[in-house]
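This report describes a protein structure through its helices, its metal sites and its backbone geometry.

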Amino acid sequence: MTRTVPEREVTAAKLLDASVKHSFDPAVDVAWDEPWREDTFFLPERVSTLYGTEPWERMSRPHRIELTRCELANNLAFGIWVETVFMQMLARHSLRWNARSNHLRYALTELGDETRHSTMFSRMMDKLDRGPYAFNPIDKFATDLLRAFSTEPLAFVAVLFVEEIFDGLQRAGMRDESVQPLCRQIFRIHVVEEARHMRFARDELFRLIPRLPRIRREALGAAVAFGVGLVSRATRTPEMYAAAGLDVREATRAAARNPHATAVMQECVDRFLPLYTELGLVTPLSRRIWRAHGLVA
Ligand SMILES: [Fe+2]
Ligand SMILES: [Fe+2]
């Protein structure tokens, strides 16, 4: 917890500068009219929640491709859900920041990025002609509480780890030549712009968390561990399996127990665990919650 980060205004000025140089307008920067390629996946096969399971082994290649099409639509709808929650939290907290600061200007710029992302995700769902599928209502309620009552540290902690997980999945997708070029294009746009959001959240956490009493750090650690469970549940929506023509009970059970899916999630989680450990957010209690999700912290 001794890491020193630049002053708020310095971080924000750098990010504002980077935003001018590397921003996209998905309305014109995505080749929306390009037709889908035949016999091509929509997500890397390995990222499919059923990859390597019994139902997967029985599926034909076109059926597997169809499943990744539904899974991408589901993930994009989840992206819209969490980004809209983030936007509300960021808008709410930024109201307290100095109106002439780089910090506020960057937060507003990030809000602009996220509105473009969610618009892009929504348009992509139209292009896929799949979804949305109903998410778990209890998880929906948990994020309703988050957007209404989150503190600044909780908002940044939540934003950072979800962005890290998506970054991991999208980096895998954008490099994979077996994936539709159009999908790879939107992953790339998102990865470039999210790198700034992660920097903003990361630097801010190193300013905020060390000042918190231990009990609040413990609570944040537990919230992160719970949040990772929420993210992984959101990737295996029952309606999505039904839409893909699978036996819902069998598919949801196989996905929940799929060691390949756990390994993919663990790889994503490993990207931010060292940082969260440094911040004191990995505690004995949170470790127990991680283990319940089959993950090692
Ligand atoms: Fe985004
Ligand atoms: Fe973001």
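The model described here is a predicted one. From its first C-alpha to its last, H7 reaches 34 Å, close to the 34 Å expected at 1.5 Å a residue.

Phe 166 is one of the residues located in helix H7. With a relative accessible area of 13%, Phe 166 is buried, since the limit for a buried residue is under 20%. When its neighbours within four places in sequence are left aside, Phe 166 is in contact with Asn 75 and Phe 78. Phe 166 and Asn 75 are 91 residues apart along the chain, and 9.3 Å separates their C-alpha atoms.

Helix H4 covers residues 61-94. At 1.5 Å a residue, its 34 residues should span 50 Å, and the 48 Å between its end C-alpha atoms agrees with this. How many of the residues of H4 are buried? The number is 25 of the 34, so H4 is largely enclosed by the rest of the structure.

Helix H5 has 27 residues. Its first and last C-alpha atoms are 38 Å apart, close to the 39 Å expected at 1.5 Å a residue.

Which residues coordinate the iron ion (ligand 1)? The donors are Glu 83 (OE), Glu 114 (OE), His 117 (ND1), His 190 (NE2) and Glu 194 (OE), at 1.8 to 2.3 Å. Along the chain, these donors follow the spacing E-x30-E-x2-H-x72-H-x3-E. His 117 belongs to helix H5 and His 190 to helix H8, so the pair ties together parts that are 73 residues apart in sequence. Both of these histidines, His 117 and His 190, are buried.

The iron ion (ligand 2) lies 3.7 Å from the iron ion (ligand 1), and Glu 114 coordinates both. Glu 114 is in helix H5 (residues 102-128) and Glu 163 is in helix H7 (residues 152-175), so this pair ties together parts that are 49 residues apart in sequence. Glu 114 and Glu 163 are both buried.

## The packing of H1 and H8

Two packed helices are described by the angle between their axes and the distance between the axes. For helix H1 (residues 8-21) and helix H8 (residues 181-208), the angle is about 180° and the axes are 10 Å apart. That makes H1 roughly antiparallel to H8, because angles over 145 degrees are counted in this way. H1 contributes Arg 8, Thr 11, Lys 14, Leu 15, Ala 18 and Ser 19 to the contact, while H8 contributes Arg 196, Arg 199, Phe 200, Asp 203, Glu 204, Arg 207 and Leu 208. By class, this contact has 4 nonpolar, 2 polar and 7 charged residues.

Thr 11 has its place in helix H1. Is Thr 11 buried or exposed? Its relative accessibility is 2%, so Thr 11 counts as buried. With its neighbours within four places in sequence left aside, Thr 11 is in contact with Pro 6, Arg 199, Asp 203 and Arg 207.

## Backbone features in the loops

Most residues other than glycine have a negative phi, and most peptide bonds are trans. Asp 39 has a positive phi of about 50° although it is not a glycine. Asp 39 is placed in the loop between helix H2 (26-29) and helix H3 (54-58).

The loop between H5 and H6 holds Asp 129. The phi of Asp 129 is near 60°, a positive value in a residue other than glycine. At 59% relative accessibility, Asp 129 counts as exposed. Pro 132 lies in the loop between H5 and helix H6 (137-149), and the peptide bond from Gly 131 to Pro 132 is cis, with omega near -5°.

Note on methods
Residues numbered from 1 in each chain as written. Chains lettered and ligands numbered in written order. Predicted model: local features only at pLDDT ≥ 70, side-chain atom pairs only at ≥ 80, totals over all residues. Heavy atoms only, no water. Axes fitted to C-alpha atoms, helices over the stretch in contact; angles between N-to-C directions. Helix = DSSP H or I, 4+ residues; strand = E, 2+ residues; numbered from the N terminus. Parallel < 35°, antiparallel > 145°, perpendicular 65-115°, else oblique. Contact = heavy atoms within 4.5 Å. Nonpolar A, V, L, I, M, F, W, Y, C, P; charged D, E, K, R; others polar. Expected span 1.5 Å × (residues − 1). Buried < 20%, exposed > 50% of the residue type's maximum accessible area, 1.4 Å probe, protein only. Donors = N, O, S within 2.8 Å, 3.2 Å for Na, K, Ca; no water.
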